[in-house]
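Hi,

Here is the structure I promised to pass on.

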Amino acid sequence: MAKTLTRLVITLFLLQASLCMSYGEAEVKGMFVFGSSLVDNGNNNFLRNSTARADYPPYGIDFPLGPSGRFSNGRNPIDVLGELLKLPSLIPPFADPRTRGPRIAHGVNYASGGSGILDQTGSITGEVMSLNQQIRNFRIRTLPVLEAQLGLSGHRGANKHYLSKYLFVVGTGGNDYLLNYFMPGEKKRVTLQQFTKSLISTLSGQLKMLYDLGARKFLLFSIQTMGCVPVVRSHSGITNGSCVEAMNKAALLFNRHLKSLVKSTKTMQMPGSKMVYINSYKIIRDIISNPTQNGYSDTRKACCELSSKREGGNGILCRKGGRACSHRAAHVFFDGLHPTDAVNARIARKAYGSNLKAEAYPINVKQLAWST
């Protein structure tokens, strides 16, 4: 009797999926999010030894829940994408003990501030969850619960039909340069080109792991303008408003390789998958090149008062309880590294609806959501 009911559940689910495809219903039920602080929504709050945290004011000054662990004055791009996709709730952080049972139905966020593609990246910030660990958390902790809720446990392949209704969002890579390759005192054993190729090769394998678990719709965010962030400009002693182009060159190199992954799903042995590449680098660089035209007045300085070395800071994060500028929507950067709510919203809107292949390639998120 139990087997018959299980078969019925699977049959009804597959029939529903087929009908959705036939009538063109949007195929996104939620998002599973992997990456670093640019998409982290509070996981590091629950890592006891992490110093990469944003769970205090002035972070969250414009967020309804206050300081939540998002490295922003308000939302990050994932929050805005969720709104645009009309998801019923914010994506919960994996490490929050409350992220269990029905709360995972519309996805889970595994991202960890300070982390990277490589396991060793971010160790300077204390405890982080690397991309490999994030994928393990999805496979070992989340996937069995989802399968059990749907009655799909023990039925190989059934979860792949279900997971095709989710976006798998990956936003990582910048820390592998900022907190690894370019760290002061780090001896360069390989060239920048070799390091980048190794990073992309590792990431390709990690995407394949997600594919093998059932992921079919991927959203890949480029590295942002590393050479233009306040902390990099400050450490380089630049005062004339220029960006550190050597750092931007590294970002562009990685981004070119990342975009090439989107074109190579067949050679990666990922048939039936769809990937979208979002050029966050271009979106932010366009603002920096034409700030007034785009509604911004400050493209260089952090909006918040930054933590000092005397306080154990590194010029990246906001000072606890420190000041924040009053015109936050006119600033590109909220702290020494992370964009403001306004920029995050712009990135998400471009990702969702831009028809420029230079911004969303080869299609945008709205088109990805409706694709079959």
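Some housekeeping before the details. This is a predicted model, where local features need pLDDT of at least 70 and side-chain atom pairs count only at pLDDT 80 or more, while totals for chains, interfaces and linings use all residues. Residues are numbered from 1 along each chain as its sequence is written, and side-chain values use heavy atoms, with hydrogens and water left out.

**The chain as a whole**

The chain has eleven helices and eight strands. Of the 372 residues, 57% are buried. Buried here means under 20% relative accessible area, exposed means over 50%, and partly exposed is in between (1.4 Å probe, protein chains only). The exposed surface comes to about 16,600 Å², with carbon and sulfur atoms supplying 54% of it; that area is from the Shrake-Rupley method with a 1.4 Å probe. Taking contacts (heavy atoms within 4.5 Å) with a separation of 6 or more, 70% are between residues 24 or more positions apart.

**The sheet**

Six strands make an open sheet with mixed pairing, in the order β2-β1-β3-β4-β5-β8. Two strands count as paired if DSSP finds at least two bridges between them. The edges are β2 (107-109) and β8 (360-361); each has a single partner strand, so one side of each has no neighbour in the sheet. Further in, β4 (residues 217-221) and β5 (residues 274-278) run parallel and are joined by five bridges.

**The disulfides**

How many disulfides does the count come to? Three, taking a disulfide as a pair of cysteine sulfur atoms within 2.5 Å. In sequence order, the bonded cysteines pair 1-2, 3-6, 4-5.

- Cys228 and Cys243 are joined with an S to S distance of 2.1 Å. The torsion about their S-S bond is about 110°, so this disulfide is right-handed. Cys228 is in the loop between β4 and α7 (230-235) and Cys243 in the loop between α7 and α8, 15 residues apart. Cys228 is buried at 0% relative accessibility, and Cys243 is buried at 9%.
- Cys303 and Cys325 have their sulfur atoms 2.0 Å apart, and their link is left-handed, with -100° about the S-S bond. Cys303 and Cys325 are each in the loop between β6 (298-302) and β7 (331-333), 22 residues apart. Cys303 counts as buried at 6%, and so does Cys325 at 16%.
- Cys304 is bonded to Cys318 at 2.0 Å, S to S, with a left-handed link at -100°. Cys304 and Cys318 also lie in the loop between β6 and β7, 14 residues apart. Cys304 is buried at 5% relative accessibility, and Cys318 is buried at 2%.

**The salt bridges**

There are twelve salt bridges, counted wherever a side-chain nitrogen of Lys or Arg is within 4 Å of a carboxyl oxygen of Asp or Glu. One of them pairs Asp79 with Arg70, the closest N and O atoms being 2.7 Å apart. Asp79 is buried at 5%, and Arg70 is buried with a relative accessible area of 5%.

Arg75 is the one I'd click on next. Arg75 meets Glu83, with the closest N and O atoms 3.2 Å apart, and also Asp341, at 2.8 Å from N to O. Asp341 belongs to helix α10 (residues 341-353) and Arg75 to the loop between β1 (30-35) and α2 (77-84), so this pair ties together parts 266 residues apart in sequence. Through shared partners, salt bridges join Arg75, Glu83 and Asp341 into one network. Which of them are buried or partly exposed? Glu83 is partly exposed at 44%, Arg75 is partly exposed at 22%, and Asp341 is buried at 15%.

Cheers

Note on methods
Helix = DSSP H or I, 4+ residues; strand = E, 2+ residues; numbered from the N terminus.
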